[in-house]
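Student: I would like to learn how to read contacts, cores and interfaces from a model. Could we work through one case by case?

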Amino acid sequence: MVSLKINGKSHTVDASPEMPLLWVLRDLLGMNGTKFGCGVALCGACTVHVDGIPRRACVMPVGAAVGHAITTIEAIGATPAGKKVQQAWLDLEVIQCGYCQSGQIMAAAALLAKIPAPTDTDIDQAMSGNICRCGTYPRIREAIKHAAQTPSAHKRGA
Amino acid sequence: MARVSRRQILTAGAATGGGLLLGWHLDAQAGVLGAAAKTTRSVFAPNAFIRIGTDGRITLIMCQVEMGQGTYTSMPMLLAEELEVGLDQVRLEHAPPNDKLYANPLFGDQETGASTSVRVFYEPLRRAGATARTMLVAAAAATWNVDPASCRAQKGVVTHSPTGRRLTYGALADKAARLPVPAQVPLKDPKDFKLIGTSAKRLDTPAKVNGSAQYGIDVRLPGMKIATVAASPVVGGKVASLDDSKAKAIKGVRQIVRPGRRGRRRGRPHVGGQTGTGGARHPLG
């Protein structure tokens, strides 16, 4: 049995510590927002946050996530950076098929949480591991900049 | 024999999949209750594409797969234009598999591809929307005992222009469901279009920014088993030997299948849609 903290909630699953975190999320917990893409950490579709750091859930043994705070696409909107990124994705209509976008949004949210006003180089470095077959890269870049310029909710007094 | 309501008859027709189902291009006129309609009461479903509940919920049934090409926005625009509802007022639902109700007329089955969606469904979906709107207006006119021509539909509400009386589609759903489905309905003059030809926000985006959108890979059916192929690392490679003892020892593994020579399909390259777009045969819609 493995105990995990995902999106602020505790879960105990019957999994071996070697099982990839992605399998636990999708197959054992039914959290399907995080996508299976390549399975070998090459595409970024499975990106989740572990203690705020973007990680590829498809190659991360679930045992390595024990004791750490896991955040998935289902709850990223509860973070200030995640909320801004989701709104920017809507405002700029970033998405086409959307299959990679959970990972894109997780990567972008982690970037903005770390670097509130990223340069193009920062964006390149943070996003280069997330592949989009639809080719939405120009809009992703634009949306990250758009999100960076969005004031946080608490600053607006909302 | 107990008196059978029209809706009960229609439900029976939909449930058995025969009788009243006259094919995709006639379903609007034939008055087939949407196969997706799960309840027979408190729902107005004049065809397989539209469902309006007495709670005011307007559901549009999507027969074409959304693969990023935008059908979950363009198809609703066609329906909503003639139904006279805003895109912000509708909910979308995947159509169940049903070639009789939802076949792509160019292919003869329920298929998305070859850039056909808007081309082939442009008129059928407008007609489906116009049929529903005509019936809702007729229901309102009957309620007020006025000429339907003196009523107009807009944003999910029918208004009697001379008196300003208003009824929402939800309030009219029950009455509209009891009316005969008109065989002919007028389509709007393109100069009156409010949605078609305009730029619309995609309706599939909100579910795709929070992980709630369902892709083929996310579907779980009762008793479903999941298979994976161990492909040869070289072209034309054949299995020389197989020791599946370790694989079988993994919890949850039920069977290891070693394909025989007949298992190979020759001369027909696999053409697949994108991941998670089950049912699509062509990579582009």
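Student: Are B:Arg126 and B:Glu82 buried or exposed?

Tutor: The model is a predicted one. Side chains of opposite charge can pair when their charged atoms come close. Here B:Arg126 and B:Glu82 are both buried, and they form a salt bridge whose closest N and O atoms are 3.0 Å apart. B:Arg126 belongs to helix α5 of chain B and B:Glu82 to helix α3 of chain B, so the pair ties together parts that are 44 residues apart in sequence.

Student: With which other residue does B:Glu82 form a salt bridge?

Tutor: With B:Arg133, at 2.7 Å between the closest N and O atoms. B:Arg133 is in helix α5 of chain B and B:Glu82 in helix α3, so this pair ties together parts that are 51 residues apart in sequence. B:Glu82 counts as buried because its relative accessibility is 0%, and B:Arg133 is buried with a relative accessible area of 13%.

Student: What is B:Glu82 in contact with, leaving aside its neighbours within four places in sequence?

Tutor: The list holds B:Arg126, B:Gly129, B:Ala130, B:Arg133, B:Pro186, B:Leu187, B:Lys188 and B:Phe193. Helix α3, where B:Glu82 sits, covers residues 71-83 of chain B.

Student: How should I read a nonpolar core, and which residues have the most contacts inside the largest one?

Tutor: In soluble globular proteins, nonpolar side chains tend to be buried together. The largest nonpolar core here has 48 residues, and those with the most contacts inside it are B:Phe44, B:Phe49, B:Ile52, B:Leu83, B:Val158 and B:Tyr169. Among the elements of chain B that give two or more residues to this core are β2 (50-53), β3 (58-62), α3 and α6 (169-177). The largest share, 12 residues, comes from α5(B).

Student: Take B:Leu83. Which residues does B:Leu83 touch, not counting those up to four places away in sequence?

Tutor: B:Leu83 touches B:Ile50, B:Ile52, B:Ile58, B:Leu60, B:Gly129, B:Ala132, B:Arg133, B:Leu136 and B:Tyr169. B:Arg133 in that list is also a salt-bridge partner of B:Glu82.

Student: What does the second, separate core include?

Tutor: That core has 23 residues, including A:Ile76, A:Val94, A:Ala108 and A:Met127.

Student: Next, the interface. What area is buried between chain B and chain A?

Tutor: The size of an interface is often given as the accessible area lost when the parts come together. Between chain B and chain A the buried area is about 1,900 Å², and carbon and sulfur atoms give 49% of it. In terms of residues, 22 of chain B are in contact with 24 of chain A.

Student: How many salt bridges and polar pairs are there between chain B and chain A?

Tutor: There are four salt bridges and 16 residue pairs in polar contact. On the side of chain B that touches chain A, nine residues are nonpolar, six polar and seven charged. One of the salt bridges pairs B:Asp218 with A:Lys35, with the closest N and O atoms 2.8 Å apart.

Student: Where do B:Arg220 and A:Asp27 lie?

Tutor: These two residues form a salt bridge, the closest N and O atoms being 3.2 Å apart. B:Arg220 lies in the loop between α7 (205-209) and α8 of chain B and A:Asp27 in helix α1 of chain A, so the pair joins two chains. B:Arg220 is partly exposed, with a relative accessible area of 38%, and A:Asp27 is partly exposed at 46%.

Student: Which residues of helix α1 of chain A are buried?

Tutor: Helix α1 spans residues 21-28, and its buried residues are A:Leu21, A:Leu22, A:Val24, A:Leu25 and A:Arg26. What covers them includes β1 (2-6), β2 (9-13), β3 (47-50) and β5 (69-71) of chain A. Just after the helix, A:Gly30 takes a positive phi of about 70°.

Student: What about a positive phi in a residue other than glycine, as in B:Asn145?

Tutor: Phi of B:Asn145 is near 60°. B:Asn145 sits in the loop between α5 and β5 of chain B and is exposed, with a relative accessible area of 72%. A:Ala41 also has a positive phi, about 60°, although it is not a glycine. The loop between α1 and β3 of chain A holds A:Ala41, which counts as partly exposed at 32% relative accessibility.

How values were computed: Residues numbered from 1 in each chain as written. Chains lettered and ligands numbered in written order. Predicted model: local features only at pLDDT ≥ 70, side-chain atom pairs only at ≥ 80, totals over all residues. Heavy atoms only, no water. Helix = DSSP H or I, 4+ residues; strand = E, 2+ residues; numbered from the N terminus. Contact = heavy atoms within 4.5 Å. Buried area = accessible area lost by both parts, 1.4 Å probe. Salt bridge = Lys/Arg side-chain N within 4 Å of Asp/Glu carboxyl O. Polar contact = N/O pair within 3.5 Å; in protein donor to acceptor, adjacent residues only side chain to side chain. Nonpolar A, V, L, I, M, F, W, Y, C, P; charged D, E, K, R; others polar. Core = buried A, V, L, I, M, F, W, Y, C linked by side-chain atoms within 4.5 Å. Buried < 20%, exposed > 50% of the residue type's maximum accessible area, 1.4 Å probe, protein only.
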